[in-house]
Amino acid sequence: MSIESAVGNAMADYFPWAILPLKPAAESNTRLGSVLSPHQRRQLYEVMLTDVLSALTSVSSIGGVLAITSCSVAKSHLRRAGVETLPDPGHGGLNEAIAYGLTELDRRAITGAFTIPGDIPVVTSDEITGLIRSIQDNGSVTIVPSHDGQGTNSLAMTPPTLLPPRFGHSSKDAHIALAGQKDLCLELMPLSGFGFDIDTPADLNRMAALKGPSQTKRFLDEIGFLKRKTQSPTPLQSGLGLSG
């Protein structure tokens, strides 16, 4: 390894890493079963992951990406993007997988980390950069709420194991309470793209109505999702777009 490479690797340790937990493709998007076939749900899984990876790999201030998954479908995309993977530690669910990844980063002396889901196809590199900057500048904890205001779409921390992950129902309040118990500096950072996860047919309607170059939007156009008229499109949230 050259001196330049060694210095570059050492500097990267001072940039937060992304933790990307991914369930098996066959177990994803189950709430979309009324509007998408099993094959289409797998395709959606792949195009959303492609969009998320594109945003992540466009950020210069990121130390690296660590995906926690045992899904062969996901791994093929992760390899092409140069993303490191660790196998899912078991059947403990999302929190166990995230905690496993955060502990690994802490073991490597990585100074900070943020979680990112694989189903937020309109996340932008600018949003990710802003999230990274928030914990670099302010320290402690930053939360990106989900678009419904109840969940957590990112838990960013320095150091990586500052709080145990509590993703699930009302996870935003759970993380806020944990930070309060430890008297930590906490920032809430609503981000329209980062907060927009695809869970329901209404979310797909919103996604299909957007304009932009994302793989997910292109896929929905190709299958004529809006033309199916399964339900009326939901009005778009102000500021939600595909720039960045």
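Predicted model: local features only at pLDDT ≥ 70, side-chain atom pairs only at ≥ 80, totals over all residues.
Student: In what order do the strands of the open sheet lie?
Tutor: Strands here are DSSP E runs of at least two residues, helices are H or I runs of at least four, and both are numbered from the N terminus. Two strands pair if DSSP finds at least two bridges between them. The edge strands, each pairing on one side only, are β3 (84–86) and β7 (186–188). With mixed pairing, the 7 strands follow the order β3-β2-β1-β4-β6-β5-β7.

Student: Is strand β1 (residues 17–21) mostly covered or mostly uncovered?
Tutor: Buried means under 20% relative accessible area, exposed over 50%, and partly exposed in between, with a 1.4 Å probe and protein chains only. Trp17, Ile19 and Pro21 point one way from β1, Ala18 and Leu20 point the other way, and all are buried. With 5 of its 5 residues buried, β1 is mostly covered.

Student: Which residue of β2 is the bridge partner of Leu20?
Tutor: β1 and strand β2 (residues 64–68) run parallel and are joined by 5 bridges. In β2, the partner of Leu20 is Ala67.

Student: Which handedness does the β-α-β unit of β1, helix α2 (residues 38–56) and β2 have?
Tutor: A crossover is right-handed if, with the strands pointing away from the viewer, the path from the first strand over the helix to the second runs clockwise. The unit made by β1, α2 and β2 is right-handed.

Student: Which residue of β6 is the bridge partner of Ala113?
Tutor: Strand β4 (residues 113–115) also pairs with β1, in parallel, over 3 bridges. With strand β6 (residues 152–158), β4 pairs in the antiparallel sense over 2 bridges. The β6 partner of Ala113 is Met157.

Student: How are helices α7 and α8 oriented to each other?
Tutor: Using lines fitted to C-alpha atoms over the stretch in contact, with angles from 0 to 180 degrees between N-to-C directions, the axes of α7 (residues 201–209) and α8 (residues 215–222) come within 9 Å and cross at roughly 100°. Angles under 35 degrees count as roughly parallel, over 145 as roughly antiparallel, 65 to 115 as roughly perpendicular and the rest as oblique. α7 and α8 are therefore roughly perpendicular.

Conventions
Residues numbered from 1 in each chain as written. Heavy atoms only, no water.
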